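Colleague: I am new to this structure. Could you take me through the terms as we go?

Modeller: Gladly. Here it is.

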Amino acid sequence: VTRHEAAEALAALDAQGLTDDLERYTSCRDALPLLADTCILALEGLTQSEGGDARVCGCQHGEKVAGGRFVSKDPAKGDPKATAADIPQLEAVLLDESAALYTRYESMFTLRDLAAGAEATAGCGGASVSLARALEKDESSACLRHEVAFVLGQLEDEMNTADCLVACLGDLEEHNVVRHEAAIALGTMGGNPVAKPALIKFLSDPEPMVHESCAAALSTMAYWKKWEDEENRILGQS
C-alpha cells in the first residue's frame with residue numbers, strides 16, 4: 001500500500017521524466033496488482049493531462065469539480081454531458097473487467113458527478129447505486145474498488161450505500177486498502193444506524209490499516225457531531 005501511495009505521489013509531481021519509473025511496474029500485475037494498476041493509471045493520466053501532472057486517487061486534493069462540491073483532483077474526468085439516461089451504460093462500462101482501467105475510471109467519475117450534481121433531482125439518484133454495485137461485484141482491481149469506496153464517501157449517500165460499505169469493511173478476504181477506504185467513507189455517514197456500530201466492531205480487527213482507519217472514522221464522526229450540536233445550540237439561541 002505504501003508503494004501504491006508512492007506511485008501516486010510520483011504521478012502528482014509531474015513529470016514526463018518519471019514515466020520510466022512508473023512503466024517499470026506496469027507488467028508486474030500478477031505479483032503486485034495494486035501497484036501495477038496504480039502505475040497504469042498514472043501513465044494514462046500523464047498522457048491525458050494538459051498540465052503535465054496526474055492524479056491516480058481522488059484523495060489528492062486540487063481543483064474543484066464543476067459545481068464546486070468536491071476538492072479532489074480526480075484521476076479521470078467525468079463526462080459533463082452525461083445525463084440520467086446514460087447511467088445504465090456507464091455502470092456497464094464500470095463493471096466491464098475487460099475494459100481499460102482508465103476508461104472504467106472515467107465512467108466512475110461520471111457516475112459520481114451525476115449523483116452529486118444538479119441532475120441528482122432529475123433521475124440521477126441511481127448513479128450512487130451503480131457505484132455501490134461496482135464495489136460489491138468487481139473482482140478485477142483492488143485499486144478500482146478502493147477508489148469507488150472513496151467516491152461513495154464523497155457522496156455521503158447514507159441510504160443507498162452504507163450497507164455495501166459495511167459489507168466491504170467486514171469482508172476479511174478484501175484487500176486492506178479497500179477496507180480502509182470503506183471505513184473512512186463510513187466516517188462521513190454518522191446519521192446512518194449501521195455505520196457507527198460497524199466501525200466500533202472493527203476497531204479490534206487484527207489488520208492495523210483497518211482498525212486504525214476505523215478509529216479515524218469514528219473521530220471524524222465525533223468531530224462533526226460536536227460541530228452540529230454546537231451549531232444547533234447557537235441557532236436555538238438566536
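**Helix packing and cores**

Modeller: Start with helix α6 (residues 126–137) and helix α8 (residues 158–169), which pack at an angle of about 10°, their axes 9 Å apart. Axes are lines fitted to C-alpha atoms, for helices over the stretch in contact, and angles run from 0 to 180 degrees between N-to-C directions. This is a predicted model, in which local features need pLDDT of at least 70, side-chain atom pairs count only at pLDDT 80 or more, and totals for chains, interfaces and linings use all residues. Residues are numbered from 1 along each chain as its sequence is written, and side-chain values use heavy atoms, with hydrogens and water left out.

Colleague: What makes α6 and α8 roughly parallel?

Modeller: Angles under 35 degrees count as roughly parallel. Theirs is about 10°, so α6 and α8 are roughly parallel to each other. On α6, Ser128, Val129, Ala132, Leu135 and Glu136 make the contact (heavy atoms within 4.5 Å).

Colleague: How do the residues of the contact of α6 with α8 divide by class?

Modeller: There are 6 nonpolar, 3 polar and 1 charged residues. Ala, Val, Leu, Ile, Met, Phe, Trp, Tyr, Cys and Pro count as nonpolar, Asp, Glu, Lys and Arg as charged, and the others, Gly among them, as polar.

Colleague: Why are α5 and α7 called roughly parallel?

Modeller: Helix α5 (residues 101–116) and helix α7 (residues 142–155) pack at about 10°, with axes 10 Å apart. Roughly parallel is therefore the term for α5 and α7 too. Their contact includes Tyr105 and Met108 of α5 and Val148 and Val151 of α7. By class, it has 11 nonpolar, 1 polar and 3 charged residues.

Colleague: What makes a set of residues a nonpolar core?

Modeller: Its members are buried Ala, Val, Leu, Ile, Met, Phe, Trp, Tyr and Cys residues, joined through side-chain atoms within 4.5 Å. Buried means under 20% relative accessible area (1.4 Å probe, protein chains only). The largest core has 52 residues, and Leu131 and Leu135 are among those with the most contacts inside it. A second, separate core of 8 residues includes Leu22 and Leu35.

Colleague: How many helices and strands are there?

Modeller: The protein has 11 helices and 0 strands. Helices (H or I, at least four residues) and strands (E, at least two) are DSSP runs, numbered from the N terminus. Buried residues make up 45% of the 238 residues.

Notes:
Parallel < 35°, antiparallel > 145°, perpendicular 65-115°, else oblique. Buried < 20%, exposed > 50% of the residue type's maximum accessible area, 1.4 Å probe, protein only.
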